[in-house]
Amino acid sequence: MTRGFSLVEVLIAILVFACVAVAFTGMVTQGRRTTEFNSRYVEAAFLCRKVLETVCREALWKFDSIESDGEPLPLVPNEGQERSRFFERLDLSSEGITKLHPHLKEHLEHFMVQAVVEPYEDYEDVKKVLVTVHYRLSVADDSWHKVDLTTLVVRRTAI
């Protein structure tokens with residue numbers, strides 16, 4: 001009677017362990033990518049809501065003069081670039097950004113904001129506001145993802 005494992009059994013065990021380790025590494029990598037994507041999505045959705053709130057608040061007081069933002073504009077523009085008008089007065093200091101969103105200050109260059117304000121069908125006292133936040137996962141990422149939020153704003157005197 002022999003004791004222990006044969007060389008073939010040891011090699012098969014090592015092969016099985018290697019396959020499991022490779023599969024586990026792939027799952028961890030994919031999980032990390034998914035977490036990063038979801039984190040950016042949540043930040044973009046938060047920004048989208050902030051802009052929508054700003055537009056709606058502005059519309060309560062100056063319904064006829066609320067304007068669209070035009071093309072998507074960067075949250076932090078390069079020199080000479082225009083910035084989203086809804087974030088012109090945004091406090092970009094560490095404390096200001098931390099109040100806006102704790103993790104946002106590390107990724108500001110990855111977001112662009114656009115707000116479109118247009119009449120809603122035939123109602124002159126109602127405007128449709130569409131806010132889009134474009135975001136990317138990293139500087140190396142060429143593809144932009146987006147989050148859209150839409151709401152209707154009613155003139156105060158119409159209520």
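**Cysteines.** I looked up C48 and found it buried, because its relative accessibility is 0% (buried is under 20% relative accessible area, exposed over 50%, partly exposed in between, with a 1.4 Å probe and protein chains only). C56 has a relative accessible area of 22%, so I noted it as partly exposed. I then searched the whole structure for disulfides and got zero (a disulfide is a pair of cysteine sulfur atoms within 2.5 Å).

**What I am working with.** This is a predicted model, in which local features need pLDDT of at least 70 and side-chain atom pairs count only at pLDDT 80 or more, while totals for chains, interfaces and linings use all residues. Residues are numbered from 1 along each chain as its sequence is written, and side-chain values use heavy atoms, leaving out hydrogens and water.

**Helix α1.** I checked the span of α1: its 55 residues reach 82 Å from first C-alpha to last, close to the 81 Å expected at 1.5 Å a residue (the expected span is 1.5 Å times one less than the number of residues). Helices are DSSP runs of H or I with at least four residues, strands runs of E with at least two, numbered from the N terminus. Among the buried residues of α1 I listed R40, E43, F46 and C48.

**Core.** The largest nonpolar core has 20 residues, and A44, V51 and F111 are among those with the most contacts inside it (such a core is a set of buried Ala, Val, Leu, Ile, Met, Phe, Trp, Tyr and Cys residues joined through side-chain atoms within 4.5 Å). α1 gives the most to this core, seven residues.

**F5.** I placed F5 in the segment before α1 (7–61). F5 counts as exposed because its relative accessibility is 71%.
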